[in-house]
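Trainee: I am new to this structure and would like to learn how to read it step by step. Could you begin with the overall layout and then move on to the details?

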Amino acid sequence: LKLQFLYLIDIPLTYHHTPHTMFAMRSLTRRCFSSTAPRLAAVIDINGIKETIIERSDMPIEKVRDVLKDETLAVLGYGPQGRGQALNMKDNGLNVVVGVRKGKSFDHALEDGWVEGKDLFDIDEASHNATIVQFLLSDAAQIEGWPKIKPHLTAGKALYFSHGFGVVYHDQTGIVPPKDIDVILAAPKGSGLTVRTHFQQGRGINGSFAVYQDATGRARERTIAVGMGIGCGHLFETTFEKEVSSDLTGERCVLMGMLQGAFLAQYEVLREAGHSPSEAYNETIEEALCSLYPLVAEKGMDWMYANCSTTAQRGALDWAPKFYKAIKPVVADCYANVKSGAEAKRSIDLNSQPDYREKLQKELDEIANQEMWIAGKALRPLRPENA
């Protein structure tokens, strides 16, 4: 009993040590007591805020299969996220079908080995036969398809999302789930392509999970099982509302919007000062993506700083606060627009226009035709691994 008590209190205590000590002590604790005590989920303590992280060892694939053994999972939509999640679940031995309308996505599903009439259906039939309906259409397509999906959501089923947009902004989308079903979310922190490639490489991708509505008493277990089934390496808990506000802000800022803006600003300054396209591209993008950002991903910003020259360190430390002061108000403004629903309204309004795809392609072409990315297209094949 004494040893088991130590096992319970030792995990949070170890998080006051360095990351290496923390990992070693937690791993040692688990090894020492794995045969005499139940496996506990990891608890992290960051500035007094404790979070429980669900790892694969908490929900191994054998348990995933057991939890979902009586479920039919229907992935609606076969875009990047739908494709990645569906194929991963199929490879994990789950009973999964795909629902998609005839067209390019349907043909792509056939090419991937899905068989029409066996595990590939139209959206209506897939929704009708499913016990867990994975609503992975685009936000705009969810609005359009909701009236067809809703009648199939009978008591005890689960409606699954990987983005809480439709439910959170229900006043704009009209998506209001029935009260007698589970409404759950597992959101991989990456593109559908990454979800698939990481799975194929034997890796996982971090994800969040949330329960919006628990009608069966099994919503949480279902959510975690599906989250691991789609290939997540670990899951942290959130709410639908927080997932949406953090996700939309991240996409508009550091993950995509700010990244493009910052890259372009530096590239143009260098080019206007007389630097060649290859030099401007390498100093702005290539070095960031291939050399420095991987160090940040590995062990943090301080690790990256510590492994650069003293001149680079000094400059970064001096200029980072200036960028912080300039950028934080923009991020705060973006977050406020997300919370108010203004970003959702803009997205819905634009995506609903009949010629939106043509307009979108024009915007993407404008980025592709920027000299910065033309330079990248010419230089990427010259990387040593591509030579």
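Mentor: The protein has 19 helices and 10 strands, where helices (H or I, at least four residues) and strands (E, at least two) are DSSP runs, numbered from the N terminus. This is a predicted model, in which local features need pLDDT of at least 70, side-chain atom pairs count only at pLDDT 80 or more, and totals for chains, interfaces and linings use all residues. Residues are numbered from 1 along each chain as its sequence is written, and side-chain values use heavy atoms, with hydrogens and water left out.

Trainee: How many residues does the protein have, and what share of them count as buried?

Mentor: The protein has 387 residues, and 39% of them count as buried; buried means under 20% relative accessible area, exposed over 50%, and partly exposed in between (1.4 Å probe, protein chains only).

Trainee: How should I read a pair of aromatic rings?

Mentor: In general, such a pair is described by the distance of the centres and the angle of the planes. Rings of Phe, Tyr and Trp (its six-membered ring) pair if their centres lie within 6.5 Å, and planes under 30 degrees apart count as stacked, over 60 as edge-to-face and the rest as tilted. The structure holds 8 aromatic pairs, and one of them, the tilted pair of Phe-135 and Phe-161, has 5.9 Å from centre to centre and 55° between the planes. Because Phe-135 lies in strand E6 (residues 132-135) and Phe-161 in strand E7 (residues 158-161), this pair ties together parts that are 26 residues apart in sequence. Phe-135 and Phe-161 are both buried.

Trainee: Which kind of pair do Tyr-212 and Phe-240 form?

Mentor: Their ring centres are 5.1 Å apart and their planes lie at 50°, so the pair is tilted. Tyr-212 belongs to strand E9 (residues 205-213) and Phe-240 to helix H12 (residues 240-252), 28 residues apart. Tyr-212 counts as partly exposed, at 35% relative accessibility, whereas Phe-240 is buried, with a relative accessible area of 1%.

Trainee: And how do I read two packed helices?

Mentor: They are described by the angle between their axes and the distance between the axes. Axes are lines fitted to C-alpha atoms, for helices over the stretch in contact, and angles run from 0 to 180 degrees between N-to-C directions. Here the axes of helix H13 (residues 257-272) and helix H19 (residues 371-379) come within 10 Å and cross at roughly 90°. H13 and H19 are therefore roughly perpendicular to each other (angles under 35 degrees count as roughly parallel, over 145 as roughly antiparallel, 65 to 115 as roughly perpendicular and the rest as oblique).
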